[in-house]
Amino acid sequence: MLALGCLTTTAVVAQKTAVQSIEEYRAMLADGNPSELFEAKGEDLWKQKRGPKNASLEACDLGKGPGVYKGAFVELPRYFADTGRVQDMESRLLTCMQNLQGFNADEIAKTAFGKGEQVNVTALATWLSSESKGMKFNLSQAHPQEKISYEVGRRLFFQRAGPHDFSCASCHGQDNTRIRLQDLPNLTKNPGDGIGFAAWPAYRVSNGQMWGMQQRLNDCYRQQRFPYPGFGSDVTIALGVYLGVNSAGAKSIAPALKR
Amino acid sequence: MNKSKYFSVLSAIGVTLLMAVAPVQAQKAKPVAVASTGNADVFDFFYREAVKTSFRDQGIVKASVLNTDETNLACSAADVAGKPLDKKRAKEIEALNLKTIKWPSDGKFVGDWKEGEALAQSGRGLTYSDDATTPNGGNCYNCHQLDKKEISFGTIGPSLYNYGKLRGVTDVNSPASKAIIEYTWGKIWNSKAYNACSNMPRAGHMGIMTEAQIRHLVALLVDPKSAVNQ
């Protein structure tokens with residue numbers, strides 16, 4: 001009996017140590033967030049004259065009027081009359097890069113993450129998100145297209161398919177669950193300040209990469225064993241609307257730091 | 001029905017309703033409650049269009065994997081509606097899935113639990129970044145506790161620690177163990193045969209695991225010597 005007691009204690013201690021060391025590791029990471037480097041680069045890219053038209057992005061309309069970027073991030077995705085589409089930060093940046101600077105938006109959308117102009121889109125989104133840090137998400141649902149986008153996103157969230165029958169909800173449809181040791185937010189409702197939608201773009205320590213929301217959603221679909229969702233496509237935008245509207249009132253901590 | 005026709009339907013009836021509803025929703029921040037009364041078919045249409053136009057083949061994953069079966073369609077619709085399938089429909093779907101279970105060709109249900117443990121540990125295979133030679137994992141630890149020594153386990157599924165022991169399996173060849181071992185095989189082969197909208201993949205039915213691999217997974221769960229039953 002005594003021996004058994006000792007064994008149990010040892011097991012508990014071992015488990016605590018493992019969990020504790022993970023917590024310590026996370027605290028250590030929070031000390032300095034490398035996303036600051038991407039923020040600086042993004043701010044520079046915003047002001048720099050670039051592209052075939054040799055122009056800056058300073059006249060870009062992110063939804064609050066040309067050149068207004070403070071607070072824009074927490075209101076995206078939203079409907080834009082000039083494109084007739086609901087757009088998130090990254091797809092809207094492509095529109096501005098095409099219209100103001102003369103880049104080819106389709107080409108950038110087709111470029112792999114972490115390559116070519118995609119790197120610059122990520123840096124821009126990182127900086128622009130930092131300009132709304134601490135603000136509360138407040139997406140509009142006033143335009144019919146925004147409402148459609150939300151409802152499309154809701155259906156996508158529950159779409160079970162692929163060899164594993166996974167949907168977004170398989171992992172993110174319940175409270176207090178984990179995959180391995182990774183806590184999973186319930187994204188069918190407001191998961192709270194700085195959780196889920198309110199935590200991207202983020203710097204991922206495990207692979208040393210800065211990811212925007214488009215890449216985060218793409219990787220979710222990859223792990224779901226789904227095919228490749230287009231960058232800024234209707235599905236990734238609609239999911240952004242679903243997650244963003246559900247997060248109404250949650251404070252953005254982007255750019256965040258992830259494992 | 002084409003897209004332009006849907007747009008006109010939308011502008012005729014849908015938009016007024018949506019416009020009226022939207023401000024209320026923004027204030028209350030409870031979007032789910034406003035669901036789709038009257039516009040569900042319009043939203044369903046745009047959802048199917050979005051899926052059709054947004055995904056592309058990549059690596060080993062073809063866009064056609066989204067053309068799913070009756071089970072997933074029914075369960076997704078129930079999820080969107082926010083209420084579980086009615087009992088009769090759930091039974092129908094379970095019966096449909098039960099019929100797909102392939103029982104072991106040689107009558108042997110129990111393999112090597114150590115090989116089962118290795119499969120349970122792996123979550124690899126079948127993503128667009130895997131190649132065709134990546135061996136598929138069983139993904140078990142992602143959602144279940146199994147061997148108590150493995151502290152990195154998920155909690156989406158129930159703990160399976162002491163699975164066989166708790167069910168009284170002392171000898172895998174005894175007639176007393178037959179029913180539970182067969183159930184275990186069936187559950188891994190096609191989880192939806194026992195719970196229509198289970199979150200668990202259908203490892204045998206969808207070709208994620210082979211018959212030989214399922215034998216090892218059954219062993220991991222029921223073999224009294226398995227680490228799971230210590």
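Helices (DSSP runs of H or I, at least four residues) and strands (runs of E, at least two) are numbered here from the N terminus. The structure is a predicted model, in which local features need pLDDT of at least 70 and side-chain atom pairs count only at pLDDT 80 or more, while totals for chains, interfaces and linings use all residues. Residues are numbered from 1 along each chain as its sequence is written, and chains are lettered from A and ligands numbered from 1 in the order in which they are written.

Most residues other than glycine have a negative phi, and most peptide bonds are trans. Asp165(A), in the loop between α6 and α7 of chain A, has a positive phi of about 60° although it is not a glycine. Leu76(A) and Pro77(A) are joined by a cis peptide bond with omega of about 0°; Pro77(A) sits in the loop between α2 (35-47) and β1 (78-80) of chain A. Another cis bond, with omega of about 5°, links Trp200(A) to Pro201(A), and Pro201(A) belongs to the loop between β4 (182-184) and β5 (202-204) of chain A.

Next comes the meeting of the two chains. Counting residues as in contact if their C-beta atoms, placed from the backbone, lie within 7 Å, the contact draws 46 residues from chain A and 53 residues from chain B. On the side of chain A that touches chain B, α6(A) gives the most, with nine residues. That side has 22 nonpolar, 13 polar and 11 charged residues, where Ala, Val, Leu, Ile, Met, Phe, Trp, Tyr, Cys and Pro count as nonpolar, Asp, Glu, Lys and Arg as charged, and the others, Gly among them, as polar. Strand β7(A) is joined by two bridges to strand β1 (residues 55-56) of chain B, and the two run antiparallel; strands pair if DSSP finds at least two bridges between them. Here Pro229(A) stands opposite Phe55(B).

Within chain B, helix α8 (residues 178-189) and helix α9 (residues 211-222) pack at an angle of about 130°, their axes 10 Å apart. Axes are lines fitted to C-alpha atoms, for helices over the stretch in contact, and angles run from 0 to 180 degrees between N-to-C directions. The residues that meet include Trp185(B) and Ile188(B) from α8(B), and Leu217(B) and Leu221(B) from α9(B). The residues of this contact divide into nine nonpolar, one polar and no charged.

Conventions: Two residues are in contact if their C-beta atoms, placed from the backbone, lie within 7 Å.
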